[in-house]
Amino acid sequence: MNIKVFNIRLDKENCQQDQSRMNAFLDSVEVKLTSTNFVTTGTIDFWSAVVFYELKKNDSKPTEVIELNEQENEIFTALKQWRNDLAQKLGWSSFRICHNSHLISIIKSKPQNLDELKTVKGFGESRTLNYGDDILSVLNAF
């Protein structure tokens, strides 16, 4: 098992860039465990995320590029907005709620209820309990 540490700076200039870098990494590996901690040094505050991971198995295919049609892209934008608003309200980084790859999995599987949402990659009992009703509300708006 491998380990990688990300520091997500809180200022607007760096926060999105740091999150994007981490999301790209998370999409490229098989995540086994994560841990996040808020770090305050007295001068700089940031989120530290530790990722325990394994390299994805090479099934001799290039990395799958998932294309979204126009409606799926609108749903993706709405789900990202919901996630970012909630993260801001909680004072968290958006990746703590769910990653872009999770949102795409939701869009592609089109869950109709909480039980179906639990089966989506990246979701389970906890995420579904915490965010399921909100996610289904966003999906039902389309």
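Residues are numbered from 1 along each chain as its sequence is written. In this predicted model, local features need pLDDT of at least 70 and side-chain atom pairs count only at pLDDT 80 or more, totals for chains, interfaces and linings use all residues, and side-chain values rest on heavy atoms, with hydrogens and water left out.

An open sheet of 3 strands runs in the order 1-3-2 with antiparallel pairing; strands (E, at least two residues) and helices (H or I, at least four) are DSSP runs numbered from the N terminus, and two strands pair if DSSP finds at least two bridges between them. Strand 1 (2-9) and strand 2 (29-40) stand at the edges with a single partner strand each, so one side of each lacks a neighbour in the sheet. Strand 1 and strand 3 (residues 45-55) are joined over 8 bridges, and K4 has V51 in strand 3 as its bridge partner.

Turning to the rings, the structure holds 4 aromatic pairs, where rings of Phe, Tyr and Trp (its six-membered ring) pair if their centres lie within 6.5 Å, with planes under 30 degrees apart counted as stacked, over 60 as edge-to-face and the rest as tilted. One of them is the edge-to-face pair of F25 and Y53, at 4.9 Å centre to centre and 90° between the planes. This pair links helix 1 to strand 3, with F25 and Y53 28 residues apart. Ring pairs also join F6, F25 and Y53 into a cluster.
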